[in-house]
Amino acid sequence: MSRAVDSVINWARATSLWPMYFGLSCCFVEEITAWTPRYDIARFGAEVLRLSPRQADLLIVSGTVFKKVAPVVLRLYEQMAEPKWVISMGSCANTGGMYDVYSVVQGVNQILPVDVYIPGCPPRPEAVLHGLTRLQEKIQSGERPSGKVFHMSGGSHGTVAPVLVDGETKTRDTRGPGMNGISVRGSSVTPPDFHGTRAQFMWTPPAAQITLSPVENEVKSQLVRRFGDAVAPAEKSADMLTVDVDQSRAAEVLQFLKFGSSPRFLRLEDYTAVDQSARQNPEHYPDFTLVYHLLAFDPAVRVRIRAPLYGRYPETQSIHDLWQNAAWYEREIYDMFGIRFSGHPDLRRLLMPEGWQGHPLRKSYNGRATDMPAYTAEDARNLQPRAGEQFYRVDEHGESYVLNIGPHHTGTHGIIRYIAKMDGETITGLDMDIGYHHRGAEKIGERQHWIQYIPYTDRVDYLVGAANEFPYVLAVEKIAGIRVPERAEYIRVLFAELSRIANHMAYMGITANDVGALTPNFYAFRDREMIMDIVEMISGGRLHPAFFRPGGVAADLPEGWKEPVEAFLRVFPKRLGEYEKITLKNPIFRARTVDVGLMEKHDAVDLGVTGPNLRSTGVNWDLRKNMPYSVYDSLDFDVPTDTISDCWTRFRLRAEECRQSVRIIRQVIDQMPGGRYISEDYRYVVPQRQDMLKDIESLIHHFVNVTRGPKIPSGEAYAATENPRGEQGYYIVSDGLGFAYRVRIRGSSFTNVQAFPKICKGATIADFIAIIGAHDYTPADIDR
């Protein structure tokens, strides 16, 4: 009798799983694909994802777990009603995956018991379905209800697997698996001394040098006339006018460039620092360098300002009164390097949790989590996030209150936390707590060689894959002066525009879902899957193609590549019209988005907002047109703009951008040239395979460039591309070795979200969800 009842109960449990996802990273996108009608998972009860831990009995950890978010994961698990099960999905959630960096918990199984592991990075949708099926089987065969049913004694239920303990049941040794007691292979041998790279003994030409344009020469002359010896224009540059400035005059020079020079540099494009202490010739460098990238819109030109800093913990003047976004950047520099800014209104950590020891982007800081003590469940219990009430001073009369939204909430589109000060339903103040997704991508760039780093760029913004690779390889090519074959340029544009449509499809579906329309989500992901299939056919990867290379792309287009692309172009324009009809003309959608989240043009420029969000304020600025790269200047397309910067307009512009991408892709198909897909300059690139098989020189370069990376000349370069979410930039510093000395990622999402406190003030909570959805960001891109 007891066993019979158990079987019925377990059947009911297994066929009515209520999943709660956690992570919203690369794996989550595959998970969402599994939720769509392409796969029948209705029997898991997953038509509607339950978002409260008290309602769910299955926690799916789908993505990388970080030390800042681990306490939140543990709290969610402990709050779930019993019985409860856990699926750990993707290599990052299972073991830390490829992210052996200071911020990563090397597997959620160190803090949570796990029932089913789904491998892969990211897993395919079929793997998600298979994992759910395995859990069903496990529940039906191995679980017994422990609670008393009809006054009968219970058995087991939910997770019974123990949490893995580092060094006992789990190992971080790189020689073998070490999972679940499997022994490590071989013996532990550590080299007594690491000899480092021998790249410095190889000769390479100096870094490429550009000739300054007349506008750049004029700006240079203005600075010299105005500031004399306080400024020193660099003699050589690979990308733009570069000026060294005495730190005591830096704020004055920047003020002149914004308000007094011709042209005026209205935008602080990016702002970061470099720790110079590990240079091969440190006597030629200060202790730190602050690097400012400024942009003038008319004519389109950039300038780089470098200011030296000295001392172990230097302090300098804040420039937040010149550009609003400077305060955001200075918090990051303080967090990552320990540089302080006098006069800053709120200098506190930005990405790392409060109480974090040290500054990770210093050269002396541990780069790998394996070099640090293991993160345990006890750590997670002791390091809970700061309470929301501590972000604001609540009035004594109790008429205002603080509302936490996230970090784990569907409306926040990933793990990001908003702390809203409320007066009834109205937002009177907003603070953001980011860093829950901080992958240490910039630190990783200092250890992976130039080509090894490409897959990491994919994951910075996992929704647009190859588009992230574009600015990185452009920056490397600028330093080394690599010329890219025309065919490779067209292939790159093909990937970039497919990525744009794929991103906007996810955006349109999810944003519609945010304001209550579920149907567009299913349809949009259906079309997005067609693009994923094309990307997979050409590159072998879906979300992370890792297909671009310095000097070209990894392989030539396969036979038959045109047919699926043309098939997509035949059906997509009509479907796009249908999406617009069921969203933009829908009275509920209009009520939720028209005149909601208005943003002023001046604020958008001053905060560094880019992409469709900037263009919705009336600024006609698109890098593909204004500062063309690759072959965009030979393609015919329009840049949609508007002047009513509300959520409805931002949505509409993205739909129109999809049409323009279709135009571009049609031209790419028609104009695709023949020839090579990778540069002939084999000093810096991975040779074509047919060459490698014919001559020894190509074979040697293949071996060297794949194993230890090409030696890139000493220098620096910044490159940005017009990605779906805005301008994505890479500032790369080379010290003449096989890997970067410093990699700086200007994430478009990182910059764009700074606008939220301003545009959300005065909005209601319901508006807030619409605003952040229509703004379009990816937490991984914010946190990098």
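Ala251 is found in helix H7, which covers residues 247-259. The model is a predicted one. At 18% relative accessibility, Ala251 counts as buried, because the cut-off for that class is under 20%. Its contacts, neighbours within four places in sequence aside, are Gln317, Ile319 and Leu322. Glu283 is 32 residues from Ala251 in sequence. In space, the two C-alpha atoms are 26 Å apart.

UniProt, in an unreviewed entry, lists Cys26, Cys27, Cys92 and Cys121 under "binding site". These four span 96 residues in sequence. Yet no two of their C-alpha atoms are more than 9.7 Å apart, so they gather at one spot.

Cys26 has its place in helix H2. Cys121 has its place in the loop between strand E4 (116-118) and H5. Is Cys26 buried or exposed? Cys26 is buried, with a relative accessible area of 6%. Cys121, at 32% relative accessibility, counts as partly exposed. Now the contacts, again leaving aside neighbours within four places in sequence. Cys26 is in contact with Pro122, Arg439, Arg459, Tyr462, Leu543 and His544. Cys121 is in contact with Ser91, Arg459 and His544.

H2 covers residues 26-35, and H5 covers residues 125-142. Their axes come within 8 Å and cross at roughly 75 degrees. H2 and H5 are therefore roughly perpendicular to each other. On the H2 side, the contact is made by Glu30, Glu31, Thr33, Ala34 and Trp35. On the H5 side, Pro125, Val128 and Leu132 take part. By class, the residues of this contact divide into five nonpolar, one polar and two charged.

Strand E13 (residues 417-423) and E14 pair in the antiparallel sense over seven bridges. Tyr418 has Met432 in E14 as its bridge partner. Two residues lie between the strands of this hairpin. Gly424 takes a positive phi there, near 65 degrees. How many of the eight residues of strand E14 (residues 426-433) are buried? Six of the eight are, so E14 is largely enclosed by the rest of the structure.

Helix H13 covers residues 486-514, and helix H25 covers residues 765-775. The axes of H13 and H25 come within 9 Å and cross at roughly 180 degrees. H13 and H25 are therefore roughly antiparallel to each other. Tyr507, Thr511 and Asp514 in H13 meet Ile769, Gly773 and Ala774 in H25. This contact has three nonpolar, two polar and one charged residues.

Asp514 of H13 meets H25, and residue 514 also opens an annotated span. UniProt, in an unreviewed entry, gives residues 514-784 the annotation "domain: NADH-quinone oxidoreductase subunit D". The span is 49% helix and 10% strand. Its end C-alpha atoms lie 25 Å apart.

An open sheet comes next. Three strands form it, in the order E17-E18-E19, and the pairing is antiparallel. Which strands stand at the edges? Strand E17 (715-723) and strand E19 (742-746) do, each with a single partner strand. One side of each is therefore left without a neighbour in the sheet. Neighbouring strands are turned by 10 degrees against each other on average, direction ignored. E17 and strand E18 (residues 726-734) run antiparallel and are joined by nine bridges. Asn723 stands opposite Gly726 in E18. In a regular strand, side chains alternate between the two faces of the sheet.

The last stop is Thr751. Thr751 lies in helix H23, which covers residues 748-752. Thr751 is buried, with a relative accessible area of 0%. What does Thr751 touch, not counting residues up to four places away in sequence? Its contacts are Tyr329, Leu607, Gly608, Val609 and Arg746. Arg746 is one of the residues touched by Thr751, and strand E19 covers 742-746.

Terms used:
Residues numbered from 1 in each chain as written. Predicted model: local features only at pLDDT ≥ 70, side-chain atom pairs only at ≥ 80, totals over all residues. Heavy atoms only, no water. Axes fitted to C-alpha atoms, helices over the stretch in contact; angles between N-to-C directions. Helix = DSSP H or I, 4+ residues; strand = E, 2+ residues; numbered from the N terminus. Parallel < 35°, antiparallel > 145°, perpendicular 65-115°, else oblique. Contact = heavy atoms within 4.5 Å. Nonpolar A, V, L, I, M, F, W, Y, C, P; charged D, E, K, R; others polar. Pairing = 2+ DSSP bridges. UniProt positions renumbered as here; feature names shortened; annotations may be inferred. Buried < 20%, exposed > 50% of the residue type's maximum accessible area, 1.4 Å probe, protein only.
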